[in-house]
Amino acid sequence: MFLIPDPVVRFFHRMASPPHFYAFSQRLMPWLVVIFLLLTAAGLYGGLYLAPADYQQGDSYRIIYIHVPSAWMSLFIYVVMAVAGAIGLVWRIKLAEIVAISSAPIGASFTFIALVTGSLWGKPMWGTWWVWDARLTSELILLFLYLGVIGLYGAIDDKRTASRAVAILALVGVVNIPIIHYSVEWWNTLHQGPTVTKMDKPSIHVSMLVPLLLMAASFKFYYLIAMLQQARIELLLRERNAQWVKNMISESK
Amino acid sequence: MMMKPARKQRLILIGLMVIGAGLATAFALKSFNENLMYFFSTTDVVEGKAPGDTLFRLGGMVVKGTVERPNDGLTVRFKLTDYSKEVTVEYTGILPDLFREGQGIVAHGKLNAQGVFIAEEVLAKHDENYMPPEVKDSLKEQPTPVTGQKS
């Protein structure tokens, strides 16, 4: 298919089969958990203990080790959800639909964490909990988009129809993602400009940057773990009448 | 392997939908552009682009050496700049942690008859630089970069 190498295509074809996905994700889980724990331990130790205090904010800046990775995840998960939704719409692959809807609550949680930690930091640093500038407002809209996706999915009983409706909502909402990212450059905002994700050299000292990137990687693994667990549950619910689920249950008895 | 026509059609439809939503949003944002600005720059104020009689927000850098407390009370006077024009700001109240000379701030208030900006609220705008104090000390000789002050 197009330019994708054959083994990759075969891998995705196998993963699209529910019993294979169920078994494979189970085998993968311990590895993911170990990597996640190592990354988190290293990131937290580096961020809270090794990294020096900031020249202006002192120790208060350390909230970035939660705030920034959460904000990145809120955008990243949304894109994953929209792409999985599109794949579900075009190819009608059940697993893509499940990955899309399983991502929504995790993305919503990260968005909420980003908003709350930002607010907690904003009060002492800016002097206010909240302002209606372009960055904060667009991130709040992202939270509502996630909640809309979750609500719409719950409101439709037939889950295949629900997945299609949710995918369309998610795809329309994709327009918000570049707005969030570039809001601090396009408009005057109280929120500062990008520190790491810009063309230039990051404006953060390397001793502070390394733990931040470790935390970002750790959050990615957390998302994988949480999303796969949620997807396995969703898969069992949808496939509860399928033969492979019945076989699995009778084997475990 | 070719895509089946039905799938191809769905893919095109999705593409058109995303592009359509993007275009609609782009036009909407373009027309709201001014309203999405969180603050006016000091140049806007000097050139008379800022509202004269209503509350608005003014952003800029606190000019070094201009912060003074005229009555030794809570009132502070300082000059704000965007490295082109300056505006004097007066504020009575508690300043945020990050308020200092050379730091970006956003003040909410209005201009009085003398062209002094009477602020009701002052917020510190943090820049995107993070570094340990020792690194900052070694950078002291170099001029600080202008950031986040596009108008």
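At what angle do helix α3 of chain A and helix α1 of chain B pack, and how far apart are their axes? Keep that in mind while we walk through the two chains.

This is a predicted model: local features need pLDDT of at least 70, side-chain atom pairs count only at pLDDT 80 or more, and totals for chains, interfaces and linings use all residues. Residues are numbered from 1 along each chain as its sequence is written, while chains are lettered from A and ligands numbered from 1 in the order in which they are written.

Start with chain A. It has nine helices and zero strands. Helices (H or I, at least four residues) and strands (E, at least two) are DSSP runs, numbered from the N terminus. Read along the sequence, the pattern is α-α-α-α-α-α-α-α-α. The C-alpha trace of chain A spans about 60 × 40 × 35 Å along its principal axes. Of the 253 residues in chain A, 38% are buried. A residue is buried if 20 or more other C-beta atoms, placed from the backbone, lie within 10 Å of its own. Now take contacts in chain A between residues at least 6 apart in sequence: 76% join residues at least 24 apart. Two residues are in contact if their C-beta atoms, placed from the backbone, lie within 7 Å.

Turn to chain B. It has four helices and six strands. From the N terminus on, they run α-α-β-α-β-β-β-β-β-α. Buried residues make up 25% of its 151 residues. Among contacts between residues at least 6 apart in sequence, 46% in chain B join residues at least 24 apart.

Next, the two chains together. Here 36 residues of chain A are in contact with 35 residues of chain B. On the side of chain A that touches chain B, α3, α4 (94-125), α6 (159-173) and α8 (206-238) each supply at least two residues. Helix α3(A) gives the most, with four residues. By class, this side of chain A has 23 nonpolar, eleven polar and two charged residues. Ala, Val, Leu, Ile, Met, Phe, Trp, Tyr, Cys and Pro count as nonpolar, Asp, Glu, Lys and Arg as charged, and the others, Gly among them, as polar.

Back to the opening question. Helix α3 (residues 64-91) of chain A and helix α1 (residues 5-31) of chain B pack at about 145 degrees, with their axes 8 Å apart. Axes are lines fitted to C-alpha atoms, for helices over the stretch in contact, and angles run from 0 to 180 degrees between N-to-C directions. From α3(A), the contact uses A:Ala86, A:Leu89, A:Val90 and A:Trp91. From α1(B) come B:Arg7, B:Arg10, B:Leu11 and B:Ile14. These residues divide into six nonpolar, no polar and two charged.

Note on methods:
Buried ≥ 20, exposed ≤ 12 C-beta atoms within 10 Å, placed from the backbone.
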